[in-house]
Amino acid sequence: MTTLKWWQTALFYQIYPRSFADGNGDGIGDFKGITEKLDYLKDLGIDTIWLSPHFPSPNWDCGYDVSDYCEVAPEYGTLEDFKTFLAESHARGIKVILDLVLNHTSDEHAWFLESKSSRDNPKADWYVWADTPPNNWQSCFDGEAWTYAPERGQYYYHYFMKQQPDLNWRNPEVKQAMWDAVRFWLDLGVDGYRLDALGTIYEDPALTPHTVPMNLAELRRFSETAKTPEEKALVEKYWYDMFKNQWGGPQLHDLMKELRAIIDEYDGDRMLVGEDDNIDYMGDGNDELHLVFNFPLMRTEKLTPAHIRKNQKERLARLDKLPTRGWGCNTLGNHDCSRVYTRFGDGLHDAELARVNAALVLTLRGTPFFYNGEEIGMTDYIISDPTKLRDTMASWYYEQLVNELGVAPAEAAQRAGEMTRDKNRTPMHWNNTANGGFSPANVETWLPVNPNYAEGINAKDQQDNPISMLNYYKRLVRIRKQTPALIEGEYKPVHEKADDYVAFLRYTPAQTVLVVLNYAPNHHELKFSVPDKKTARILFSSAGRSKKDEHISQLSLGAFEVLIAELA
Ligand code: GLC
């Protein structure tokens with residue numbers, strides 16, 4: 001496995017710093033807390049941390065509105081605390097990549113304060129300004145995309161909230177300033193970046209209006225109320241049409257090449273992973289991003305075997321076509337979407353399906369990413385009191401529903417609670433004491449703690465329980481690490497018509513591994529035929545099997561079983 005880079009073999013884990021571990025007992029996660037939990041991550045088998053933004057921010061978008069790119073948010077600690085965290089991670093062999101928000105800054109960033117102060121200041125052209133709104137573009141978070149700044153009597157553009165003005169990336173000074181920030185953290189030793197919302201960096205220069213006959217709030221509402229297949233298809237079309245002129249500018253390739261060149265100046269194979277599923281942003285396989293997420297895998301209402309097979313077929317074929325073969329990157333959850341356990345459950349077998357899905361991410365070809373809390377089976381927690389929401393796009397939507405669209409407050413609260421990303425960002429559960437052990441008992445945490453920490457969904461109880469979700473994750477991770485074919489092997493689907501289960505081979509010249517993931521409560525008697533292979537030596541089974549070796553033409557698969565076997 002020596003030819004692979006570290007980011008190809010590593011298991012990544014996303015830490016959402018506000019909710020991961022509260023080291024100073026103020027109800028908000030911080031670097032002291034994260035550093036104290038590094039041994040937990042090491043024990044889980046994590047190789048790399050992706051840290052969501054840790055920079056100073058007024059938190060209109062939970063840190064994705066950065067007001068200083070070269071500092072640490074005071075509630076998370078100091079730059080010294082960050083350096084300690086980085087050193088302690090590296091000391092344990094854990095790498096760290098940061099979140100880099102390129103498209104926009106906070107409206108409280110010094111650059112924007114200067115830019116909006118007049119029309120002729122040195123940073124006047126650092127953001128996107130217009131005398132009057134030049135079109136009907138919407139912000140994907142809070143209504144009109146153009147907001148008036150009285151100081152200079154002009155409108156600025158923002159793809160996200162009005163507190164997140166878009167930078168003008170056509171201005172070389174902007175690039176220079178941002179590249180300085182990029183180098184700042186690389187010089188401190190971070191191992192790379194996850195690039196936030198990169199597709200939104202360049203808009204259509206012709207500023208072509210959208211053609212959807214509604215505004216953002218109306219479209220959200222329409223999405224919730226659409227019932228027929230025709231209406232649902234229209235919803236999808238409208239979402240696409242509303243924003244298609246606001247992202248995807250082709251100049252992004254040159255920008256990514258520039259950034260890649262900076263990254264490559266550093267030793268240690270620093271890396272970039274883009275928050276985008278477009279494989280084009282991997283350039284020729286060597287000159288843009290190292291990885292882009294396989295979002296199409298998770299963008300489905302139901303994870304079915306047929307969906308998974310189709311996804312793999314398309315993705316891998318596309319990666320294989322790059323001049324330098326591309327590497328996949330699989331994930332099922334992050335801070336922007338409903339938790340895997342809830343979203344891909346069926347209400348009856350949620351725990352079983354969560355286990356099958358963990359196995360999926362760990363056995364497909366590509367680098368796996370987990371989101372913190374997934375490993376203990378954390379679930380969504382619907383916050384039904386709108387005053388407790390911290391995700392301001394949801395508060396905005398609540399206000400719109402009640403004040404503009406005439407929806408009753410109780411229903412609006414329900415809708416906002418369902419659409420908000422707060423539900424999947426609640427504090428991590430460390431043990432079965434008050435506040436799930438995240439913060440001391442008497443402290444009000446920044447988002448409420450999901451009370452189901454008391455029902456066994458917490459790290460401590462699960463550490464002590466051999467059949468817990470946490471120990472299941474650990475066993476699977478260990479198997480992945482011990483099985484070269486699962487990391488570097490080719491992928492070949494078998495039994496491609498099966499409705500209930502996915503089955504595939506991962507193989508190298510030296511090793512062939514069969515993976516079978518049963519997504520259904522049904523048992524199956526399976527026959528596989530693979531040239532030169534007769535025996536399946538069981539490496540992992542979620543359904544206790546008595547025999548170590550079985551015949552591949554006679555394998556019985558249990559309900560929701562995860563079976564990983566080396567063929568001989
Ligand atoms: C990305 C982030 C999301 C954020 C948005 C704007 O999609 O993942 O959390 O709100 O960018 O920065």
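This is a predicted model: local features need pLDDT of at least 70, side-chain atom pairs count only at pLDDT 80 or more; totals for chains, interfaces and linings use all residues.
1. Second largest pocket, contributors. Of the helices, α10 gives the most to the lining of the second largest pocket, with 3 residues. The lining as a whole is made up of 24 residues, and those that lie nearest the centre of the pocket are Lys5, Trp7, Gln8, Arg325 and Trp327.

2. The space in the second largest pocket comes to about 440 Å³. When the residues of its lining are sorted by class, 9 are charged, 8 are polar and 7 are nonpolar.

3. Largest pocket, volume and centre. For the largest pocket the computed volume is about 2,800 Å³. Its lining consists of 50 residues, among which Arg220, Trp239, Arg299, Asp336 and Cys337 lie nearest the centre.

4. Largest pocket, location. Why does the largest pocket lie between domain 1 and domain 2? Residues of its lining are given both by domain 1 (6-102 + 172-202 + 247-381 + 452-472) and by domain 2 (103-168 + 204-226), and therefore the pocket lies between them.

5. Largest pocket, helices and classes. At least two residues of the lining of the largest pocket come from each of α8 (216-225), α9 (229-243), α11 (295-298), α15 (392-403) and α16 (409-419), and α9 supplies the largest share, with 7 residues. By class, this lining has 21 nonpolar residues, together with 18 that are charged and 11 that are polar.

6. Ligand surroundings. The ligand is surrounded by 14 residues, of which Asp61, Asp196, Glu275, His335 and Asp336 are the closest.

7. A polar side-chain atom of Asp336 lies 2.5 Å from an oxygen atom of the ligand, while for Asp196 the distance between an N or O atom of the side chain and a ligand oxygen atom is 2.8 Å. In the case of Arg194, an N or O atom in the side chain is 3.0 Å from an oxygen atom of the ligand. On its own the ligand has 310 Å² of accessible area, and the protein covers 95% of that area.

8. Cavities. The structure holds 3 cavities of 30 Å³ or more, and the largest cavity contains about 70 Å³ of space. Residues lining the largest cavity include Met282, Val292, Asn294, Gln312 and Arg315, as well as Trp327 and Arg365; Trp327 is likewise among the residues nearest the centre of the second largest pocket.

9. Largest cavity, elements and classes. Both α12 (305-321) and β12 (329-331) supply at least two residues each to the lining of the largest cavity, and α12 gives the most, with 4 residues. This lining divides into 6 nonpolar, 4 polar and 2 charged residues.

Key: Residues are numbered from 1 along each chain as its sequence is written. Side-chain values use heavy atoms; hydrogens and water are left out. On a 1 Å grid over the protein atoms alone, a cavity is a set of points where a 1.4 Å probe fits but cannot get out, and a pocket is an open set with protein on both sides within 12 Å along at least five of seven lines; lining residues have an atom within 4 Å of a point. Grid points are joined across faces, edges and corners, and a volume is the space filled by probe spheres set on the points. Ala, Val, Leu, Ile, Met, Phe, Trp, Tyr, Cys and Pro count as nonpolar, Asp, Glu, Lys and Arg as charged, and the others, Gly among them, as polar. Domain bounds come from an automatic or database domain assignment. A residue is near a molecule or strand if one of its heavy atoms lies within 4 Å of it. A polar contact is a pair of N or O atoms within 3.5 Å; within protein, one must be able to donate a hydrogen and the other to accept it, and residues adjacent in sequence count only if both atoms are side-chain atoms. Accessible areas come from the Shrake-Rupley method with a 1.4 Å probe; for residues, only the protein chains shown count as cover.
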